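Hello,

Here is the structure for you to look through. My notes on what was found in it follow below.

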Amino acid sequence: MPEKHGGWGSMGKSKSIDRHYNKWGYIFAIPFVVAFLIFHLWPMGETFYFAFCDLKHTTVLDDPVLLTSKGLPWYKNFADLFKTSTFPISMKNTFYFCICQTIPEWILAFWLAAMMTDRRLKVKGRTTFKTAFFFPNLMTGTTLGYLVLGNIIAFVGTTISYSLIAASMNGFGVTEHDFEFFMSERFIIVVVGIFAHYGITFIYAVTGMTSIPLEIFEAAEMDGSSRLNTFFRITLPCMRPILFFIAVLSVVDGLAISDIPAMMSNPYDVMRTNLTMMTFLQNILGMGNAYDRASAFCLILLAMSAAISGIIYFVLIRDRYDAKLKRLNRKAKREEHKRHQAGIR
């Protein structure tokens, strides 16, 4: 009996210690919760509310009036956005830059991450390389754009000059018009965007690759699997959670691209050929303080981000075998429940 009482006493003491530590965990979480409620959740709630209000393009937000209370349709702010001539152009440019930037960025980041984590390569100075790759992400897009822009123009201009000279000497029929894309604003924006954002993708990819147990790679190496086969058949499938996070981050960054295109495009151009959706939002707030239309625009961006992230998850990242197994288990439970109900009757 004493041993039994001693056992129960130790269990109660352990639970008391767990509650003690849990209490401090909640206490340390209070600043984050308070900051989130004040600086994130409250503005988000106001954004949802202003999207269905008529603010008359003023800075006074003391008493916003709902559109329905004035006899206007609740979707008026959304309809006004779609009617503008610059909104579809900005949406098209956003997807253009997002796709052209994300695909090369992922290829570069995952290739570097695979080299830095490959135990067979034994690259020396990995920490130095990781810091160097991440450093461009610490700089703002405008600063990085100005620094990289001059080097790109000098390098591309010199390369084009030498190519034209070589082509004219050999009679290839190449002219300067064949190199216009490499001197265009779109090409420079994509290159600067890749250079500015691949560092953070590289860090996340390294984190996902190093979280995979080494025994899996050792087994693949013993079976004679090549590096390419190991990467696509083992590394990527084991990185599904971090891959989804990287995909969502890339979608959000792609939809929020604004500084580099705004710096390299002409804001007074009537056609707005290089403006993205975030630059379009800044123009809304800058020309008339249209908080109602800006809030509606933010909801559109939120819906687009959620939709694209969902498509990426269900099409590319979701474990289809695991999802199929869960469906079969649910179906088996339903059939068992029906048989049980039939037996009771």
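**Nonpolar cores**

In this predicted model, the largest nonpolar core has 40 residues. Phe 110, Phe 202, Met 239 and Phe 297 have the most contacts inside it. Several helices give two or more residues to this core, including α3 (86–117), α6 (185–210), α9 (240–255) and α12 (291–317). The most comes from α12, with nine residues. There is also a second, separate core of eight residues, and among them are Ile 188, Val 190, Ile 257 and Ile 260.

Which residues does Phe 110 touch, leaving aside those up to four places away in sequence? They are Thr 201, Ala 205, Met 209, Phe 231, Leu 236, Met 239, Leu 243 and Ile 246.

**Aromatic pairs**

Searching the whole structure gives 15 aromatic pairs. One of them joins Trp 106 and Phe 110: the ring centres are 5.7 Å apart and the planes are at 45°, so this pair is tilted. Trp 106 and Phe 110 lie four residues apart in helix α3, which means that about one helical turn separates them. Trp 106 is partly exposed, at 25% relative accessible area, whereas Phe 110 is buried, at 6%.

Tyr 313 and Phe 314 make another pair. Their ring centres are 5.2 Å apart with the planes at 80°, so the pair counts as edge-to-face. Tyr 313 is partly exposed, with a relative accessibility of 31%, and Phe 314 is partly exposed as well, at 47%.

Finally, one aromatic cluster is formed by Phe 52, Trp 74, Tyr 75 and Phe 78.

Regards

How values were computed
Residues numbered from 1 in each chain as written. Predicted model: local features only at pLDDT ≥ 70, side-chain atom pairs only at ≥ 80, totals over all residues. Heavy atoms only, no water. Core = buried A, V, L, I, M, F, W, Y, C linked by side-chain atoms within 4.5 Å. Buried < 20%, exposed > 50% of the residue type's maximum accessible area, 1.4 Å probe, protein only. Contact = heavy atoms within 4.5 Å. Phe/Tyr/Trp six-rings, centres within 6.5 Å; stacked < 30°, edge-to-face > 60°.
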